[in-house]
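Please keep the sequence and the coordinates at hand while reading.

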Amino acid sequence: MEADEANSPHLDWHLEQGERGREVWYSLVTDTEDDVAFWYRYTLVSTESGHQEARLWAGLTGTDDDFFTTRRYPLSDATFDEPFALSFGEEEEHDARLTSSSARGALETDDAEVSWRFEYEPDDTVFTPLRSEKLTDMAEEYLGSGRHWSANQSVRMDGTLEVGGETYDFEDAPGHQGHTVGKSAPEEWSWLHCNSFEGGASAKDDACVEVLNTGGMTTLCFRRGGEAHMLNRMKDIVGPAANETTENRPGKWKVHAKGEGVKLDIWVKCDEGTRWKKAAYLAPDDTSRYVAHSSLSSVQVTYRVKEDDGWSEQRTLDSEAARAEWGRTSPPVGERDEYVPEEFA
């Protein structure tokens, strides 16, 4: 599957009021030298009560200009093109546009105007939480679990972010772009992504890890040296040999996994000074989901790989630039009035 196919809209967005659906395209990019991270999202939602909207989101972490803000559009202002492109705003002057190799957007905070523009080569690898397409179809239809694609799981981005009179430049910056969809939303989840480990890309062979836990089940992908270990078969998710989450609460998560030629222990930690981005999402059934997101989390990955003569020596990857989030039906961190936008709180 290519990035365009993974990004293409899964739902028909000519929805009548009262038809349920939610589709999200999200992206993250990090300037590791300056410890600056930017998180931006393009979302569409239609709820059972008849609420419909498109929404643009943006959040900056690691500077004196830190912010998290959002702008709402009529659903009719969201348009698609082929190959994949999603645009918000009036046809002649789009405020935002996402493709599988570029992104731009513009909105205002209380204090400043914000705009961004990024370009990147699409990733050849697409990660899905459940490898089997048939089982994914069944889970979507009967369990309401929706679908998820890491369409551009590990890319290098070039571009700029402007906040008021300040410009932040990103060059060959580690980035990620994903796509999730459903007619319902999980009640609880945790997510980790990191493709920026200490030592730089050449020293760590472009390592990347992504982990998703929902419904008590953990699925993951670990990449290093051009090889991808996808622990996303049914046996990896349920049963005696499944990936194991041994501890999981907002700000702390431990995972143990074995399979596909790799043994992994993953530790995620957000310290007390974490600059959480707190988002309130509207689900298709008109309930809210509250997400505490940290774009600059700590992660340590200890692993061994299967070689011709047995298992390798233990190796360790460390990063202070991981992306981690916890989502629930109630706020994972802090109080409801701290979450954006407040009308969902």
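Phenylalanine 170 touches Val29, Thr30, Asp31, Val36, Phe38, Phe118, Met157, Asp158, Gly159 and Leu161, leaving out residues up to four places away in sequence; contact here means heavy atoms within 4.5 Å. The model is predicted, and local features need pLDDT of at least 70, side-chain atom pairs count only at pLDDT 80 or more, and totals for chains, interfaces and linings use all residues. Residues are numbered from 1 along each chain as its sequence is written, and side-chain values use heavy atoms, with hydrogens and water left out.

Phe170 also belongs to the largest nonpolar core, which has 42 residues; Phe38, Tyr40, Tyr42, Phe88, Trp116, Leu161 and Phe170 have the most contacts inside it. Strand 10 (residues 147-163) gives the most to this core, with 6 residues. Apart from it lies another core of 31 residues, among them Tyr290, Val299, Val301 and Leu317. A nonpolar core is a set of buried Ala, Val, Leu, Ile, Met, Phe, Trp, Tyr and Cys residues joined through side-chain atoms within 4.5 Å. Buried denotes under 20% relative accessible area, exposed over 50%, and partly exposed the range in between (1.4 Å probe, protein chains only). In soluble globular proteins, nonpolar side chains tend to be buried together.

Threonine 30, one of the residues touched by Phe170, is placed in strand 1 and counts as buried, at 2% relative accessibility. Helices (H or I, at least four residues) and strands (E, at least two) are DSSP runs, numbered from the N terminus. Leaving aside neighbours within four places in sequence, Thr30 is in contact with Val36, Ala37, Phe170, Ala173, Pro174, Leu296, Ala321 and Arg323. Thr30 and alanine 322 are 292 residues apart in sequence and 9.2 Å apart in space, C-alpha to C-alpha.

Charged pairs form another theme. A search of the whole structure finds 17 salt bridges, each defined as a side-chain nitrogen of Lys or Arg within 4 Å of a carboxyl oxygen of Asp or Glu. One of them joins the side chains of arginine 20 and glutamate 48 (3.3 Å, N to O). Arg20 lies in the loop between helix 1 (3-7) and strand 1 (21-31) and Glu48 in the loop between strand 2 (36-46) and strand 3 (52-61), so the pair ties together parts that are 28 residues apart in sequence. Arg20 is partly exposed, with a relative accessible area of 28%, and Glu48 is partly exposed at 48%.

A salt bridge also forms between aspartate 95 and arginine 71 (3.3 Å, N to O). This pair links distant parts of the chain, 24 residues apart: Asp95 in the loop between strand 6 (85-88) and strand 7 (96-99), and Arg71 in strand 4 (residues 67-73). Glutamate 247 and arginine 249 meet in a salt bridge at 2.4 Å, N to O, and Glu247, Arg249, Lys252 and Lys254 are linked in a network of salt bridges.

The chain as a whole comes to 4 helices and 22 strands. Of its 345 residues, 53% count as buried. A compact globule with 345 residues would have a radius of gyration near 20 Å, and the 19 Å of the chain agrees; this radius is taken over C-alpha atoms, and the globule rule is 2.2 Å times the number of residues to the power 0.38. Among contacts between residues at least 6 apart in sequence, 60% join residues at least 24 apart.
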